[in-house]
Amino acid sequence: AEKHAGVSCVTASMDDIHFEEAARVGQIITIKAKVNRAFKTSMEVGIKVTVQDVLTNVEKIVSGAYATYVAKPVGAAKIELEPVKLLSTEDHLEHTLATERRRIRLGYEQVFRNLVQESNKEGDYCDTFEEEDAVSTDFTHVQSTELVQPPHANHHGNTFGGQIMAWMETVASISASRLCHSYPILKSVNMFKFWGPSVVGDRLVFNAIVNNTFQNSVEVGVRVEAYNCEEWIKDQARHINSAFLIFNAVNDKGELLTFPRIKP
């Protein structure tokens, strides 16, 4: 992203992160990234992760994702990006799909806003929910606090997005495990949004809770809030990240486990 912009960039969001294969100790990981399309002040970067087994030499896809970056301005002026040079048929296809992914992402955000507004009008849903053997979502709530230290941050002092995602996965995994009584397997991360930065010295508070179960999978919502020293004393949080993580779980035979229904 910085190579294309010619200046420093910050991550705005991560979309469609899917995990096809597990990477293990002793395997060789290759990460490839390229700019698919530059919009006026933002760009989409496609990321592909593969793993190679040193014994069999077999290469498999571990994960793929699409990240949206914005160029970090110098002063008050916004930086307008140059168009991407398309060299291959694959480049042209990704260039077209990037526009469609951007449209879908913005559409999702509007749909979510509308749903929240409608739910606020309808009142308390929990009073009308009736299902036997449903597990209360309170049982799945997990909270964790992390202190951002220099190894957790980039050369600007901003917390690595990957570090935040790793912490989010940890609390989400614990939340999901309270339903399946096994080790949940992360399958995808949806709508991973950066609402604001955090820096070295910040305290990050992670709250995870199961939103819903779908027989063999579960969605866990995670919200991240940041505090500097003054904000911590005054209890004034900055909402910096949100994401929805999808897990499934298997037994010792590799069979998918069924998750119980939950009561919001």
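Domain bounds here come from an automatic or database domain assignment. For this protein, that assignment gives domain 1 (1-107) and domain 2 (132-263).

**Ground rules.** I'm working on a predicted model, so to speak with care: local features need pLDDT of at least 70, side-chain atom pairs count only at pLDDT 80 or more, and totals for chains, interfaces and linings use all residues. Residues are numbered from 1 along each chain as its sequence is written, and side-chain values use heavy atoms, with hydrogens and water left out.

**Entry 1, the two domains.** I looked up the spacing: the centres of domain 1 and domain 2, taken over C-alpha atoms, are 23 Å apart. Domain 1 puts 11 residues into the contact and domain 2 puts in 12 (contact means heavy atoms within 4.5 Å).

Next I checked the buried area, which is the accessible area (1.4 Å probe) that two parts lose on being put together, summed over both. Domain 1 and domain 2 bury about 1,000 Å² between them, with 50% of it on carbon and sulfur atoms. On the domain 1 side, M14, I17 and F19 supply 44% of the area buried against domain 2, more than any other three residues.

**Entry 2, polar links across the interface.** I found zero salt bridges between domain 1 and domain 2 (a side-chain nitrogen of Lys or Arg within 4 Å of a carboxyl oxygen of Asp or Glu). Two residue pairs are in polar contact across the interface, both at pLDDT 80 or more. A polar contact is a pair of N or O atoms within 3.5 Å; within protein, one must be able to donate a hydrogen and the other to accept it, and residues adjacent in sequence count only if both atoms are side-chain atoms.

Strand 1 (residues 9-19) gives the most to the side of domain 1 that touches domain 2, with eight residues. Strands (E, at least two residues) are DSSP runs, numbered from the N terminus.

I placed V210 in strand 8 (residues 203-213). V210 counts as buried because its relative accessibility is 2%, buried being under 20% relative accessible area (1.4 Å probe, protein chains only). Not counting residues up to four places away in sequence, V210 touches T137, T140, S175, A176, L179, V218, E219, V220 and I262.

I found S242 in strand 10 (residues 238-248). S242 has 17% relative accessibility, so S242 counts as buried too. Its side chain makes a polar contact with the side chain of H239 (2.7 Å). Leaving aside neighbours within four places in sequence, S242 is in contact with residues including M168, F192, W195 and R223.

How values were computed:
Helices (H or I, at least four residues) and strands (E, at least two) are DSSP runs, numbered from the N terminus. Buried means under 20% relative accessible area, exposed over 50%, partly exposed in between (1.4 Å probe, protein chains only).
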